[in-house]
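Reader: Hi, I'm new to this one. Can you put it up and walk me through a few spots?
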Amino acid sequence: MKSKLILIIIFTFLIFCFLIFYKGLDKPNIYTPKTNIEKNVPIFKAKDFYSNTYINSKNIFIEENYYIVNVWASWCAPCRKEHPLLMKLSKNKTIKLIGLNYRDNLKNAKKFINELGNPYTQILIDKDGTLAVEFGAYGVPETFLIDRNKKIIRKFVGPINKIIIEEIKTIIK
Amino acid sequence: MKIFKIFLIIFLSLGFIQSQSEEKNNDLKNKILKNIRCLICQGQSVYDSESDFASSIKLIVNKKINEDMSEDQVYKFLIEKYGDWIIYEPTLNKNTYVLWLLPLLLFLLGGAIMIKNLKFKK
């Protein structure tokens, strides 16, 4: 009876270990951020791209609009790829685009905007990347969708594509 | 001359206190950075990495410590931004109960079996 009980315990333990490892097989060992998030827009102070003056986040997200915060840099090739789509999206009146210029050379960044156009209503300078951390970004490009209640409701890692644009349009309808 | 000496002592004491506090902050910063995973580099902590992401996190951690945030508050801030994965040592929550409590349960079970066996032998 006693040996049977020990066997059952060992067997249950082995099954448990097997299930844990089996479940772990499906999980990637690299960071996969959650895209369906809901958190408040961080409170921050940042330098404006053109005027070089400090702006408070409370004065950026003031209107009852949807906002997009796009983390970009002139040295980032995928940013160049997604830029035409952002230009198209900027024509939509129900959404405002805020650019976050990430760890960039200001001269190169201005050249990038002059060359490809400016889809943003405001561009903020994030010279040391700390502002991107406040948003929860870990690279470029990354895009955050903010709803009318000033909550970040979606996070898109990597360049924006047509499918993502459609998803954004559906949400803001 | 006496006043000068007093000022010198105060000045040196203040300098000593400041350097002590800086050292303490530095130790805390390094401890935190070693426990933060660099999300874009495989198998490296933020402390060991020189990537853009790691250097931004280093600056943020430094800023938060200077704002008098405790170690737990810094972790909480980072978990809020990036999830539990960013911390090497997982915190106790509903997803990690098994991880934290299983070794304790096994230890208690093993202890109970040992005690029972010892009693049986006596």
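Reader: Which residues form a nonpolar patch on the surface?

Author: First, a caution: this is a predicted model. From chain A it includes Leu5(A), Ile6(A), Ile9(A), Ile10(A), Phe13(A), Leu14(A), Phe16(A) and Ile20(A). From chain B come Val98(B), Leu106(B), Leu109(B) and Ile113(B). Together they have about 1000 Å² of accessible area.

Reader: Which elements give two or more residues to it?

Author: Those are α1 (2–26) of chain A and α4 of chain B. The largest share, eight residues, comes from α1(A). Leu5(A), for one, sits in that helix.

Reader: New topic. Where is Asp104(A) found?

Author: In a loop of chain A, between β5 (95–102) and α3 (106–116). Asp104(A) is buried, yet has no salt bridge.

Reader: What's the nearest side chain of opposite charge?

Author: Lys127(A), and it is 7.3 Å away. A salt bridge needs the charged atoms within 4 Å.

Reader: Which side chain does Asp104(A) have a polar contact with, then?

Author: Asn101(A). Their side chains are joined by a polar contact of 3.0 Å. Beyond its neighbours within four places in sequence, Asp104(A) is in contact with several residues, including Trp72(A), Ser74(A) and Trp75(A).

Reader: Now Asn95(B): buried or exposed?

Author: Exposed, with a relative accessible area of 60%. Asn95(B) lies in the loop between α3 (71–82) and α4 (97–121) of chain B.

Reader: How far apart are the C-alpha atoms of Asn95(B) and Asp84(B)?

Author: They are separated by 9.8 Å. Along the chain, the two residues are eleven apart.

Key:
Residues are numbered from 1 along each chain as its sequence is written. Chains are lettered from A and ligands numbered from 1 in the order in which they are written. This is a predicted model: local features need pLDDT of at least 70, side-chain atom pairs count only at pLDDT 80 or more; totals for chains, interfaces and linings use all residues. Side-chain values use heavy atoms; hydrogens and water are left out. Helices (H or I, at least four residues) and strands (E, at least two) are DSSP runs, numbered from the N terminus. Buried means under 20% relative accessible area, exposed over 50%, partly exposed in between (1.4 Å probe, protein chains only). Lys and Arg count as positive and Asp and Glu as negative; His and the chain ends are not counted. A polar contact is a pair of N or O atoms within 3.5 Å; within protein, one must be able to donate a hydrogen and the other to accept it, and residues adjacent in sequence count only if both atoms are side-chain atoms. Contact means heavy atoms within 4.5 Å. Patches are made of residues with over 30% relative accessible area and no salt bridge: like charges are joined within 9 Å, nonpolar side chains (Val, Leu, Ile, Met, Phe, Trp, Tyr) within 5 Å. Accessible areas come from the Shrake-Rupley method with a 1.4 Å probe; for residues, only the protein chains shown count as cover.
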